[in-house]
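Here are my notes, point by point. Please read them with the model open.

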Amino acid sequence: NGLNHLLFPPIQVFQLLTDLKQQRKESGKNKQSSGQQNLNTIMYETLKYISKTPCRYQSPETVRDFLVAMKGHKLTK
């Protein structure tokens with residue numbers, strides 16, 4: 001049974017949705033289908049939730065630095 005799904009860390013979801021939101025703002029498209037409106041609602045609610053978590057203040061560099069710092073401790077799941 002192969003992988004049927006992927007898990008993304010909250011920081012990646014936050015960055016992706018923030019980038020998409022910016023692209024839509026820059027494109028200036030106002031007319032939207034109901035499906036697009038539903039997607040916008042999902043994006044809004046997800047960004048609203050994630051913005052209240054610590055990942056809002058993280059960056060790929062801080063995550064990388066943390067992982068490098070923890071590597072010597074040989075932690076397991």
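How many salt bridges does the count come to? The count comes to one salt bridge, where a salt bridge is a side-chain nitrogen of Lys or Arg within 4 Å of a carboxyl oxygen of Asp or Glu.

1. Basis. This is a predicted model, in which local features need pLDDT of at least 70, side-chain atom pairs count only at pLDDT 80 or more, and totals for chains, interfaces and linings use all residues. Residues are numbered from 1 along each chain as its sequence is written, and side-chain values use heavy atoms, with hydrogens and water left out.

2. The salt bridge. D65 pairs with R64. Their closest N and O atoms are 3.1 Å apart. D65 has 44% relative accessibility, so it counts as partly exposed. R64 is partly exposed too, with a relative accessible area of 46%. The classes are buried (under 20% relative accessible area), exposed (over 50%) and partly exposed (in between), with a 1.4 Å probe and protein chains only.

3. Overall layout. The protein has three helices and zero strands. Along the sequence the pattern reads α-α-α. Helices (H or I, at least four residues) and strands (E, at least two) are DSSP runs, numbered from the N terminus. Of the 77 residues in the protein, 10% are buried.

4. Helix α1. This helix covers residues 10-27. Its 18 residues, at 1.5 Å a residue, should span 26 Å, and the end C-alpha atoms are 26 Å apart, which agrees. The expected span is 1.5 Å times one less than the number of residues. The buried residues of α1 are I11, F14 and L17. They cover an arc of only 135° around the axis, which puts them on the same side of α1. The arc is that of the directions from the helix axis to the C-beta atoms. The face turned away from the buried side carries the exposed residues L16, Q23 and E26. Just after α1, G28 takes a positive phi of about 70°.

5. Helix α2. The 17 residues of α2, at 1.5 Å a residue, should span 24 Å; its end C-alpha atoms are 24 Å apart, which agrees. M43, L47 and I50 are buried in α2. Seen down the axis, the buried residues of α2 fall within an arc of 70°, so they line one face of the helix. An α-helix has 3.6 residues a turn, so residues three or four places apart point the same way. On α2, the face turned away from the buried side carries the exposed residues S34, I42, Y44 and Y49.

6. What covers the buried residues of α1 includes α2 and α3. For α2, the cover includes α1. The largest nonpolar core has seven residues: I11, F14, L17, M43, L47, I50 and C55. α1 and α2 each supply at least two residues of this core. A nonpolar core is a set of buried Ala, Val, Leu, Ile, Met, Phe, Trp, Tyr and Cys residues joined through side-chain atoms within 4.5 Å. F14 touches L47, I50, S51, C55 and R56 (heavy atoms within 4.5 Å), not counting residues up to four places away in sequence.

7. The loop residue T53. T53 is found between α2 (34-50) and α3 (60-71). Its side chain reaches the backbone oxygen of I50 at 2.7 Å. T53 and P10 are 43 residues apart along the chain, yet their C-alpha atoms are separated by 8.8 Å.

How values were computed. A polar contact is a pair of N or O atoms within 3.5 Å; within protein, one must be able to donate a hydrogen and the other to accept it, and residues adjacent in sequence count only if both atoms are side-chain atoms.
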